[in-house]
Amino acid sequence: MADKGHDHGVDYAHSDSGSENHNDQPSLPSFFERPTGENDSDVGHAHLDMDFINSMDPYDYSDSEHGEGSDTDTDPERVAGAHAGLGSKNDIDPCTDSRSENDTGPDTEVDSECVDHAHADPGSINEKKDLHADSDSENNEGPDPDSGSKGDEGDENEKGDEDKDEDSDDEDEEEDEDEDEDEDEEDVDPWRILPFNPEFLCGWATTVRKRLDNNTEHIECTEVLDPISGSFNAVFPLVFVDGVRWALKVPLAAASEGFDDAATHSLNIEVQTLLLLKRETTIPVPKVHQFGDGFDNSLDYPFILTDFVDGVPLHEVWFDNAAPSDLLESRRMNALEDLAKIMVQLGKFTFSQGGAPIFDSDGQISDVGPVRNQDIARYLAQTESDETVWCELGPFADAKSHLLALLDHRDPPQDPFGNGVYKLLRLFIEWLPELEGYDDKKFVLAHPDFDIQNILVTDEGRVSGVIDWEGVALVPACVGNLSLPSFLIRNWDPTAYVYDPDGPAEVNERENTPEELRRFRSAYSGMVEKLVDPMGTGSPQWTRRSLVLGSIRIAADHLISTHGIVRAVFNEMKKSTEKPLVVDGEELYLYELACDLSKGDVDESTLEMVRESFLHLCNTAQ
């Protein structure tokens, strides 16, 4: 196949990442130079069927991206909205509040960078595959890309003798029917929906590398390893004859939904962010070789082509319970130390507005635009489709408006308790500017999902890659680069945290105890403190505060975590406050407060007491 000449190469010698080019020259297009696609849909508020939400089991992972039995440790809701967020496992209808006051909060014992082994996108993996294992796929020499077909399913999958008897044919048909019935319960095979096959990719990758290396010698891609599929993307590891490995990342939805302007913008931002970080930091992100931001390129499909990042997913090392305890502790501390060093570096990219970064022709952030955000409310509200729903938020002039926008793009619940919880969460956000040192006008570049599934490490726990920068944005500094990693605050989100001291080992072995998480949070905060202030006298206040503020941000952005997190925060307020939460001589309960807020029937003295308790918790929570 002749090269179409619309791929974008990357010239690291000149770093001319914004110049216009449509002829495979080593430069990046400017932010707005993109193919014309579908117009962004007008995204308004979404109203949800709360009976449906309340009926969901937040602990049922069988239908999430994890896949049944997956050991990937992440929150499936944060990408697909797979669970309900109604407090802990034993919660019943929150409007009855029959157990809310006995809840003990968080301590209740109950080109792109996606080039690596664990995860292909901000969502968690449908089925984890070990890329260090021998691939079952054949070594494909690959056809001449100028003449090879992108994939004839019939030829590729043809098996056996053409003279099969009727019984065999009937048996095959029955098997196919069984597979169709189970299709919704199994991971979708990327090869079935994407417009290319392994042979074509080998030939295509060979052509790309020869062109980029200006090398006429025998450089050939010989194998495409099993793809790694996530909620949004698939990554294809490409192996060359000389041992070099690349990774091809493609968006799965583009095959059926197309690739609109917002998706094009997002891909460009991801690429240019990787280039910026590779050029100006020591953050271990993959090197981008080439990308296509639409269908008019040599692959006929949007893509990012990068180096393959060596390493294993952090959760494999972090939860290696077979390792001696001292070795396991050492590996965990190594990972936290490296992560602190990595995240502190993002502090150099600080701005006065929040949203999606816009890059100039020199590859520098020059402006801020709206950020593309998954709209879980509208996703759950749709009845005739399971397509991902996106909305655009911002840009933002202050931190409070950023956090409120996450909350306000959905309709408040109609039931009194749910409506009151929504209003209490809004009050939490409105009180944040009262924290000492709060800077409402400071935004910083931050990873969109700083969680355990997006971190690759060596066997010793040293970080070898930080992946999945799709959706990167400038966020308020108070929930920015100095925040705790999400996997260290997961016990404040009952829809994510499933630890139960009396539960099965296969569940608990992939969770830390609340005591362990407190210890890791303290260690990480201390590491950040030493990096921010070399004399060791500074206070990483926003790292400590991010336990509460990061949880508040998740609650605002993910409606099915809202109730559980607000309950957890409120219960911690009651335990940590200097003065008891008492109204007219009686203990204040969340159900009572929420229902009164819904009716507008809360006096000023009660609100002031709650406000003081919340701000105290922000400064003291561990």
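Predicted model: local features only at pLDDT ≥ 70, side-chain atom pairs only at ≥ 80, totals over all residues.
**The largest cavity**

The largest cavity holds about 890 Å³. Its lining runs to 39 residues, and His447, Pro448, Asp449, Arg553 and Asp557 are the ones that lie nearest its centre. By class, that lining splits into 20 nonpolar, 13 polar and six charged residues.

Which elements supply at least two residues each of the lining? On the helix side they are H2 (77–80), H12 (399–408) and H16 (541–557), and on the strand side E12 (371–374), E13 (390–393) and E17 (473–476). Helix H16 gives the most, with five residues.

**Helix packing**

H16 also turns up in a helix pair, this time with H15 (residues 514–532). Another pair to look at is H17 (residues 559–576) with H19 (residues 604–620). Here are the two side by side:

| Helix pair | Axes come within | Crossing angle |
|---|---|---|
| H15 and H16 | 8 Å | roughly 145° |
| H17 and H19 | 9 Å | roughly 90° |

With axes that come within 9 Å and cross at roughly 90°, H17 is roughly perpendicular to H19. On the H17 side, the contact is made by Val569, Glu572, Met573 and Ser576. H19 answers with Val610, Ser613, Phe614, His616, Leu617 and Thr620. Sorted by class, this contact has five nonpolar, four polar and one charged residues.

Back to the other pair: the axes of H15 and H16 cross at roughly 145°.

**Sheet E8-E15-E16**

Now for the strands. E8, E15 and E16 form an open, antiparallel sheet of three strands, in the order E8-E15-E16. Strand E8 (312–313) and strand E16 (463–466) stand at the edges with a single partner strand each, so one side of each is left without a neighbour in the sheet. Helix H10 (residues 325–345) packs on this sheet and touches E15 and E16, its direction making about 45° with that of E16.

E15 (residues 455–457) pairs with E16 in the antiparallel sense over three bridges. If you're picking out residues, Leu456 has Gly465 of E16 as its bridge partner, and Ile455 stands opposite Val466 in E16. The hairpin of E15 and E16 has five residues between the strands, and Gly461 there takes a positive phi near 90°.

**Sheet E9-E14-E17**

There is another open sheet of three strands, in the order E9-E14-E17, and its pairing is antiparallel. Which strands stand at its edges? They are E9 (350–351) and E17, each with a single partner strand, so one side of each has no neighbour in the sheet.

E14 (residues 443–446) and E17 pair in the antiparallel sense over four bridges.

Definitions and conventions: Residues numbered from 1 in each chain as written. Heavy atoms only, no water. Axes fitted to C-alpha atoms, helices over the stretch in contact; angles between N-to-C directions. Parallel < 35°, antiparallel > 145°, perpendicular 65-115°, else oblique. Contact = heavy atoms within 4.5 Å. Nonpolar A, V, L, I, M, F, W, Y, C, P; charged D, E, K, R; others polar. 1 Å grid on protein atoms, 1.4 Å probe; cavity = no way out; pocket = protein on both sides within 12 Å on 5 of 7 lines; lining within 4 Å. Points joined across faces, edges and corners; volume = space filled by probe spheres on them. Pairing = 2+ DSSP bridges.
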